[in-house]
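Biologist: I am new to this structure and would like to know what the terms used for it rest on. Please set each value against its definition.

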Amino acid sequence: MQVNILTADSEIRKAIDCIKLGAYDFITKPYNFEELLLTIKRALEHRDLLFQNEALAKQAKQHRANRIIGNSQVLNQLIQFAEKAAKSESNILIEGETGTGKELLAEFIHQHSPRRTKPFVVINCASLPDQLIESELFGYEKGAFTDAKTSKPGLVEIANGGTLFLDEIGETSLNIQPKLLRFLENGEYRRVGGVNSLSSDVRVIGATNKNLLEETEQKLFRRDLLFRLNVITLVVPPLRERKEDILTLANFFLESKSPIRAPRKFDERAIEALMQYDFPGNVRELEHIIERAIIFSDDNIIRPEVLFLSTKKKKLVEPVPNTIPINNHSSEELSIDELERNHILKILDLNGWERTKTAEHLGISQKTLYSKIKKYHLEKGT
Ligand SMILES: Nc1ncnc2c1ncn2[C@@H]1O[C@H](COP(=O)(O)OP(=O)(O)OP(=O)(O)O)[C@@H](O)[C@H]1O
Ligand SMILES: [Mg+2]
């Protein structure tokens, strides 16, 4: 909303204050009607520009987010395969450990396919119970269940002409798999509670961090579904198997996550530490490590002390000391979780447990702060 101040008070100091606080303009009485209209018009134009700006920034960010960073031979080869696969209509299975970039690759494939102007729709099969997966995917008819007051189209319908990304497809149950199979075979499906067979033209990309072949042997995943899906299989290698990408990615995150334009760089020992680390959480873990390093570093040099890489995966032990000197070497022995817990506690104490202030201080949302307080069971006086 744009605000114009209309007042009989013509004190210039007040006008300046109003503008500083975000008013668009300050008009004093007696006013001229046309002048007033003009100001309103300009304020509306200003608002439109702000909206546009925001949309463009979002788009640019999206574009950047969609870039696969890295220059290792394995990654380059994977990208080449993905580009070829994108041109085809075949379903694709993407395998890889957590955080390796499976979703990023799926989006890349969509963007390089003839379907790029149509929707890319994601459903995470691990986060939804069976019944919900079915009604999300295929939609439902009015009255299909108690809450179904109206009918609702499914994601396959929304994705028509585009790509459907079935994340964590290995987590689907044997109830839903036959319905998926049918859809993969001929694009046909039925809404929950519906009688008509509908169809949709969708290219399916599935992702999993499981070994689905093994799952089929244990009768946890249908073999016929696997073979429908893995016409093309792309394997995203873990970060420790493409160490050449570590620095490229680290520098990319360093640049994109730094809040101010101050150029930051890693010192030699930090680079060495990163190269030796084996990243069980892969690229996502690296991303978080860098984000944290930026927060903890006091100047523009990133030193190993702020990377907090633990060689041994340590469990959160109950009484962790309340404060830890950040530049002290003992911090190297703590896990990231322990450090985070301690840091949050410290800042909470510092701000007298005022959560709004604390969240602001930490640069996180209040929601995130609440979930961290819960996660680490933080209480006043711990
Ligand atoms: N090569 C890369 N270049 C830039 N960013 C990357 C790359 N690989 C992964 N990322 C980033 O790492 C994070 C994790 O990636 P993504 O969600 O695609 O992984 P995933 O394999 O789907 O993980 P999960 O199995 O946990 O769902 C995202 O923020 C993504 O943008
Ligand atoms: Mg994923």
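Biologist: What makes the domains of this protein, and where do they run?

Modeller: The bounds come from an automatic or database domain assignment. The protein is divided into domain 1 (4-65), domain 2 (73-237), domain 3 (238-309) and domain 4 (313-382). Between the C-alpha centres of domain 1 and domain 2 there are 46 Å.

Biologist: How should the model itself be read?

Modeller: This is a predicted model, in which local features need pLDDT of at least 70 and side-chain atom pairs count only at pLDDT 80 or more, while totals for chains, interfaces and linings use all residues. Residues are numbered from 1 along each chain as its sequence is written, and chains are lettered from A and ligands numbered from 1 in the order in which they are written.

Biologist: What is the mean pLDDT of the protein?

Modeller: pLDDT is the predictor's confidence in each residue, from 0 to 100. The protein has a mean of 88, and 90% of its residues reach 70 or more. Over residues 313-329 pLDDT stays under 50. Where pLDDT is low, the predicted coordinates should not be read in detail.

Biologist: Which residues are closest to ligand 1?

Modeller: A residue counts as near if its C-beta atom, placed from the backbone, lies within 6 Å of the molecule. By that rule 17 residues surround ligand 1, and the closest are Ile69, Gly101, Lys102, Glu103 and Val283. Two or more shell residues come from each of α4 (102-111) and α12 (282-296); helices are DSSP runs of H or I with at least four residues, and strands are runs of E with at least two, numbered from the N terminus.

Biologist: Why is ligand 1 said to lie between domains?

Modeller: Both domain 2 (73-237) and domain 3 (238-309) give residues to its shell, so ligand 1 lies between them.

Biologist: What makes β4 and β11 edge strands?

Modeller: Strands pair if DSSP finds at least two bridges between them. The open sheet of 5 strands runs β4-β7-β10-β3-β11, with parallel pairing. β4 (120-124) and β11 (232-235) each pair on one side only, and they are the edge strands. β4 pairs with β7 (residues 163-167) over 5 bridges, in the parallel sense, and isoleucine 123 stands opposite leucine 166 in β7.

Biologist: Which peptide bond is cis, and what is its omega?

Modeller: The bond from lysine 29 to proline 30 is cis, with omega near -5°. Proline 30 lies in the loop between β2 (25-28) and α2 (33-65).

Note on methods: Two residues are in contact if their C-beta atoms, placed from the backbone, lie within 7 Å.
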